Amino acid sequence: MADPEPRSGNPASTVGMSGPVPVIALTGYLGAGKTSLLNHLLRRPGARLGVVVNDFGTLNVDAALVTGQVDEAAVISGGCICHLPDAGGLHDALHRLSRPRLRLDAILVEASGVAEPVDLARLIRLGNPKEIRPGGLIEVIDAVEHFHTVDLRPEPPVRYAAATLVVINKTDLLPPTDRDRVLDRIQERVRRRNSHVQIVTARHSRIDPTLVFDTAVDKDPVDELPLAQLVRERHHDHDHDHARAASAELAQPVSPSMLIDLVEDPPSGAYRLKGRVRVRGHRAEQGFAVHVVGSLIHVTPLPEPPPVGELVAIGMHLDEFATQQRLDAVATTPADRPDVAGLRRLHRYRTLSGRRLAQGSG
Ligand SMILES: Nc1nc2c(ncn2[C@@H]2O[C@H](COP(=O)(O)OP(=O)(O)OP(=O)(O)O)[C@@H](O)[C@H]2O)c(=O)[nH]1
C-alpha cells in the first residue's frame, strides 16, 4: 500500500485558513495507540498545534514536543487540561486555545481510553461556533486486541459511528499469515457501522499528518525551541504511506450549486476537502471558507471574497484523476449570474455550521 507523495509541493498548505480552528479528537480503547498518534502528529514540523489531554501529568506526552510546537508553552501545560466528559473543562480549554493570538492551525484532543467517541464528538460540537469547528474524530484500533476488547457482540460497536478516520494500528504485531484476514475483518465490522469512513493501517500510529491538518512548511518555524527540533529530527521518519492530494485554483466566482454538489458527494477516496471560494450574490460577490472532513461539512463566511480562491482534496486512497476533473469542473464553469437555488443551499450550510455548534444538535 505505498501511495505516492502529494502531486505538487504540498497542496494541503495552499489554502491558508484563518477562521475557526479545527478540533480533532483522538479516541480509541485503552492502549490502542492514541498517545503514540498524538506524539507522532506533534513531531510534524510546520503546524502550530494545541493539545488537550485528560491529565497532562500522567500521560506519556513528549513534553519537549508539546512545548516546542506552540510558543505559548504555559497554555499547553497549564491551560489545556480537562477531564472528559466534563464539558466545562473541555470548553474552557478549547476557548483558551482558540484565541486568535495563538494562531493555532489545529487543536488535538486526546480522549481517555474509556471516553465514548459519540459523546466526545457531541461535546466538541457544543463549542463556540466562532472559535472552533469540528476537524474530525480519529478512532485508533488495536489490531491484535480488537476482537478481545472492543468488538465482542454480534453488532459492531456504536463508537465507530462517530469516527471520520479509523486507524487500524499495531499491524506489526499481526502474524504475517493472518494479517490480511484480520485487517479485512476489522474493516468489514467498521464499515457495517460507518460505510463511508476512511480507514488506514499503521504501525505505531504513524499516519500521514497531512490527512489530519494543514502543515504549512517543511521545516520548524523560527520561534521553535531547539529542543523540540532535536526531538523531531531524531524521530523524523517517512515510514508511513503518503496521502494523495489534488487542487485547483479558482480565478473566477464558482457556481454554488456545483460547489455544494461537490461537498455533499466528495470525490472517491477524499477524506478532507477544503476551499476558499468567491460566489456571485444578489448584490455583491461573497467569500466563503468550506471544510469537509468525512461527513462533516462546515461553511463560514470570509470577511472579503478572495480574489483567487482554491479547492483542495486530500485522502489516502484518492482517485487523483477523477478528483482533478471534479475540481477543474468547478473552477472552469462560468457562474455569471446569481444562482438562487445554489446560494440557498450554501447559506443553509452556513447557518447549520453555526447552529449545530451552538446547539449541539445533529
Ligand atoms: N508493537 C507496537 N506497539 C505499539 C504500537 N502502537 C503503540 N504501541 C505501544 O502500545 C502501548 C500503548 O500505546 P499508547 O500510544 O500509549 O496507547 P494509548 O491508546 O494512548 O493508551 P492509553 O492512554 O493507556 O489508553 C505503548 O507501549 C506503545 O509503545 C504499534 O503499532 N506496534
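Residues are numbered from 1 along each chain as its sequence is written. In this predicted model, local features need pLDDT of at least 70, side-chain atom pairs count only at pLDDT 80 or more, and totals for chains, interfaces and linings use all residues.

Visitor: How many residues of strand β5 are buried?
Guide: Helices (H or I, at least four residues) and strands (E, at least two) are DSSP runs, numbered from the N terminus. A residue is buried if 20 or more other C-beta atoms lie within 10 Å of its own, exposed if 12 or fewer, and partly exposed in between, with C-beta atoms placed from the backbone. On one side of β5, L165, V167 and N169 are buried, and on the other V166 and I168 are buried. For β5, residues 165-169, the count is five of five.

Visitor: Which residue in β5 is the bridge partner of I141?
Guide: Two strands pair if DSSP finds at least two bridges between them. Strand β4 (residues 132-142) pairs with β5 in the parallel sense over five bridges. The partner of I141 is I168.

Visitor: Which residue in β6 stands opposite V167?
Guide: β5 runs parallel to strand β6 (residues 198-201), and four bridges join them. Opposite V167 stands V200.

Visitor: What share of residues 243-331 is strand?
Guide: The UniProt annotation "domain: CobW C-terminal", from an unreviewed entry, covers residues 243-331. UniProt positions are given in the numbering used here, feature names are shortened, and annotations may be inferred rather than shown by experiment. The span is 24% helix, and its strand share is 43%.

Visitor: Which residue in the turn between β9 and β10 has a positive phi?
Guide: Strand β9 (residues 285-293) and strand β10 (residues 296-301) pair in the antiparallel sense over six bridges. They form a hairpin with two residues between the strands. The turn residue with a positive phi, about 60°, is G294.
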